[in-house]
Amino acid sequence: MPEADDITEIRHSVRQLCGQYGEDYWLELDRTRGYPTEFVRELTASGFLTVLIPQQYGGAGLGVYEASVIMEEVCRSGAHAGACHAQMYVMGSVLRHGSEQQKQAYLPKIAAGELRLQSFGVTEPTTGTDTLSLKTFARRDGDEYVINGQKVWISRIEHSDLMVLLARTTPQDQVQKKTDGLSAFIVDVAAAQGSGLEIRPIESMINHHSCELFFDDLRIPAGNLLGVEGKGFKVILDGMNAERILIGAECVGDGRYFIDKASAYATERHVFGRPIGQNQGVQFPIARCYAEVDAASLMVERAARMFDAGEPCGAEANMAKMLASEASWHAGDVCMQTHGGFAFAKEYHIERKFRETRLYQIAPISTNLILSYIGEHVLKMPRSF
Ligand SMILES: Cc1cc2nc3c(=O)[nH]c(=O)nc-3n(C[C@H](O)[C@H](O)[C@H](O)COP(=O)(O)OP(=O)(O)OC[C@H]3O[C@@H](n4cnc5c(N)ncnc54)[C@H](O)[C@@H]3O)c2cc1C
């Protein structure tokens, strides 16, 4: 099916923008653990990072499908989209569950690039994947909530004005449904830092700006509750499907990046007096990766279109993320192999992308948990936890 003109136009414009930030830009940030401030600013100013914000709040009002095309192109260019992608899907929690007052307060400023909502605080060190057991507690005290607890791996918080935080408001042993008792809040990061929120960066394998957070009697206005108290899981769940689809699209972009690099190198590199790609042992793995990435891309598109049509798409979003993250990892491995020793040289950029794309089989949700979702919810097999 040929792509509609507007999608082709989006791809072209994003490619042009990314082309101004070559791979050396990303390599230097990786080396220095820097943040791509100029890139994020330009992506926002050009409207790409805010496409999901409705026009009435200053955005383009497009769907997750268009957003996924943008993230795919960003990754295909060699960029590391992890520095900014969260703005797209975290904003959805405010859009779908915020009050009109909250939407008016935040969305136009996010669309204008005056506020960054890049951070999503869910994971905790002692409960990990078992989100419904998280322990960070928000106790209501008059017209405030008082927050105590700890989070881990919370990305980009040092480069974000706002964070959507998931905390418990009813002890786990007092809820009727496992999914009840959690609430979502908007946290003003600058106001919180030093007043009950401590942020400690984690040294990690990729330049993802992830941090540990410590909450010690942090007070936030009760008006920062997002949606209904005790129903916060629902608030973040919608965002999670969008997140999985967009991460799937990023993996498709990574996969295509690796295939572009591998096929070009296999054609130009001569050993034994001929291009290495003339050997089927080199050529076929690249061709196989192409097929895998293209198939994953169809699943990403299907999930995105279902999301945009308002259809339940939990299974499709999960499958898209799983298939795309495996396809991109496989393509990264083949790209490494095709480049031989040069794959290890940083100036070839492959080892950086290889490290970056590995994340997506673990975060935002690991492959096992996706398989468990499919087993239980789609195939109706016995629940394992
Ligand atoms: C770079 C990075 C950035 C991140 N950014 C954020 C962020 O911005 N916000 C945020 O909230 N979180 C973030 N995360 C956290 C991420 O979502 C979690 O790491 C991920 O969900 C897995 O949780 P865990 O690390 O606690 O693993 P665990 O829950 O400890 O699981 C470890 C392994 O055991 C497997 N496992 C666990 N239970 C089962 C089971 N019942 N059946 C089968 N297998 C099982 C898992 O699949 C996994 O492979 C980030 C993580 C990283 C590494």
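Start by selecting helix H1 (residues 5-19) and helix H4 (residues 64-76), whose axes come within 9 Å and cross at roughly 35°. Here an axis is a line fitted to C-alpha atoms, for helices over the stretch in contact, and angles run from 0 to 180 degrees between N-to-C directions. The helix and strand labels are DSSP runs numbered from the N terminus, with helices (H or I) of at least four residues and strands (E) of at least two. The H1 and H4 crossing is right-handed; a crossing is called left-handed if the near helix is turned anticlockwise from the far one by less than a right angle, and right-handed if clockwise.

Before you go on, keep in mind that this is a predicted model, in which local features need pLDDT of at least 70, side-chain atom pairs count only at pLDDT 80 or more, and totals for chains, interfaces and linings use all residues. Residues are numbered from 1 along each chain as its sequence is written.

Now show the side chains between these two helices. From H1 you will want Ile-7, Ile-10, Arg-11, Val-14, Arg-15 and Cys-18, and from H4 their partners Glu-66, Val-69, Ile-70, Glu-73 and Val-74. Contact here means that the C-beta atoms of two residues, placed from the backbone, lie within 7 Å. The H1 and H4 contact divides into seven nonpolar, no polar and four charged residues. For these classes, Ala, Val, Leu, Ile, Met, Phe, Trp, Tyr, Cys and Pro count as nonpolar, Asp, Glu, Lys and Arg as charged, and the others, Gly among them, as polar.

**Colour by domain**

Next, colour domain 1 (5-111), domain 2 (117-230) and domain 3 (234-378). Their bounds come from an automatic or database domain assignment. The C-alpha centres of domain 1 and domain 2 lie 24 Å apart. Their contact takes 19 residues from domain 1 and 16 residues from domain 2. On the domain 1 side, select helix H2 (23-32), helix H5 (86-97) and helix H6 (100-111), each of which supplies at least two residues. H5 gives the most to this side, with seven residues. The classes on the domain 1 side are ten nonpolar, seven polar and two charged.

**A residue in strand E5**

Pick Ile-186 in strand E5 (residues 182-188). Ile-186 counts as buried because it has 22 C-beta neighbours inside 10 Å. The cut-offs are 20 or more other C-beta atoms within 10 Å for buried, 12 or fewer for exposed, and partly exposed in between, with C-beta atoms placed from the backbone. Leaving out residues up to four places away in sequence, Ile-186 touches Gln-102, Leu-162, Val-164, Asn-224 and Leu-226.

**Backbone stops**

Most residues other than glycine have a negative phi, and most peptide bonds are trans. Go to His-209, in the loop between strand E6 (197-201) and strand E7 (210-221), where phi is near 55°. Is His-209 buried or exposed? With 22 other C-beta atoms within 10 Å, His-209 is buried. Then jump to Phe-272, in the loop between strand E9 (270-271) and strand E10 (274-275). Phe-272 has a positive phi of about 55° and counts as exposed, with 8 C-beta neighbours inside 10 Å. For a cis peptide bond, zoom in on Ala-363 and Pro-364, where omega is about 0°. Pro-364 lies in the loop between helix H11 (350-358) and H12.

In H11, select Lys-353, which is buried, with 27 other C-beta atoms within 10 Å. Beyond residues up to four places away in sequence, Lys-353 touches Gly-78, Asp-254, Tyr-257, Phe-258 and Gly-332.

Finish with helix H10 (residues 314-339) and H12, which pack at an angle of about 150° with their axes 10 Å apart. This crossing of H10 and H12 is left-handed. Residues to show in their contact include Met-319 and Met-322 of H10 and Ile-370 and Tyr-373 of H12.
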